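Hi there,

Here is the structure I promised to pass on to you.

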Amino acid sequence: MANINVNELTKEQIAKAMACKTAEELMELAKAEGVELTKEEAKAYLAEMEDVELDGEHLKEIAGGINIYCTPPYN
């Protein structure tokens with residue numbers, strides 16, 4: 001598999017990758033970011049992303065913030 005450090009991905013890159021529906025779309029996105037993926041690698045990443053359940057903190061990071069009306073008050 002291509003050597004991708006998920007800790008170096010931006011929230012925009014993650015959101016774009018999660019929006020990809022096909023291996024070809026993910027391969028095109030990766031290439032635009034300077035990463036070469038084989039079709040098999042792209043399929044594996046897509047399968048892995050299907051199984052990802054993000055907790056609230058990760059959802060806030062990807063979405064770009066929080067909604068103050070839906071969160072408990074902080075003291």
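First, some ground rules. This is a predicted model, so local features need pLDDT of at least 70 and side-chain atom pairs count only at pLDDT 80 or more, while totals for chains, interfaces and linings use all residues. Residues are numbered from 1 along each chain as its sequence is written, and side-chain values use heavy atoms, with hydrogens and water left out.

**The overall picture**

The protein has 4 helices and 0 strands, in the order α-α-α-α along the sequence. Here helices (H or I, at least four residues) and strands (E, at least two) are DSSP runs, numbered from the N terminus. Of the 75 residues, 16% count as buried. Buried means under 20% relative accessible area, exposed means over 50%, and partly exposed is in between (1.4 Å probe, protein chains only). Among contacts between residues at least 6 apart in sequence, 46% join residues at least 24 apart; a contact means heavy atoms within 4.5 Å.

**Helix α3**

Helix α3 covers residues 39-50, which is 12 residues. From its first C-alpha to its last it reaches 17 Å, close to the 16 Å expected at 1.5 Å a residue (the expected span is 1.5 Å times one less than the number of residues). Which residues of α3 are buried? They are E41, A42, Y45 and L46. Seen down the axis of α3, these buried residues fall within an arc of 135 degrees, so they line one face of the helix; the arc is that of the directions from the helix axis to the C-beta atoms. On the other side of α3, E40 and E50 are exposed. The buried residues of α3 pack against α2 (23-32).

**How the helices pack**

Two packed helices are described by the angle between their axes and the distance between the axes. Axes are lines fitted to C-alpha atoms, for helices over the stretch in contact, and angles run from 0 to 180 degrees between N-to-C directions.

The axes of α2 and α3 come within 8 Å and cross at roughly 105 degrees. That makes α2 roughly perpendicular to α3 (angles under 35 degrees count as roughly parallel, over 145 as roughly antiparallel, 65 to 115 as roughly perpendicular and the rest as oblique). On the α2 side the contact is made by A23, E24, L26 and M27, and on the α3 side by K39, A42, K43, Y45, L46 and M49. By class, this contact of α2 with α3 has 7 nonpolar, no polar and 3 charged residues. Ala, Val, Leu, Ile, Met, Phe, Trp, Tyr, Cys and Pro count as nonpolar, Asp, Glu, Lys and Arg as charged, and the others, Gly among them, as polar.

α1 and α2 pack at about 155 degrees with their axes 9 Å apart, and they are therefore roughly antiparallel. Q13, K16, A17 and A19 of α1 meet E25, L26 and L29 of α2 in this contact.

E25 lies in helix α2 and is partly exposed, with a relative accessible area of 35%. Leaving aside neighbours within four places in sequence, E25 is in contact with A19 and C20.

I4 sits in the segment before α1 (11-19) and, at 28% relative accessibility, counts as partly exposed. Leaving aside its neighbours within four places in sequence, I4 is in contact with L9, V35, L37 and Y45.

Happy exploring!
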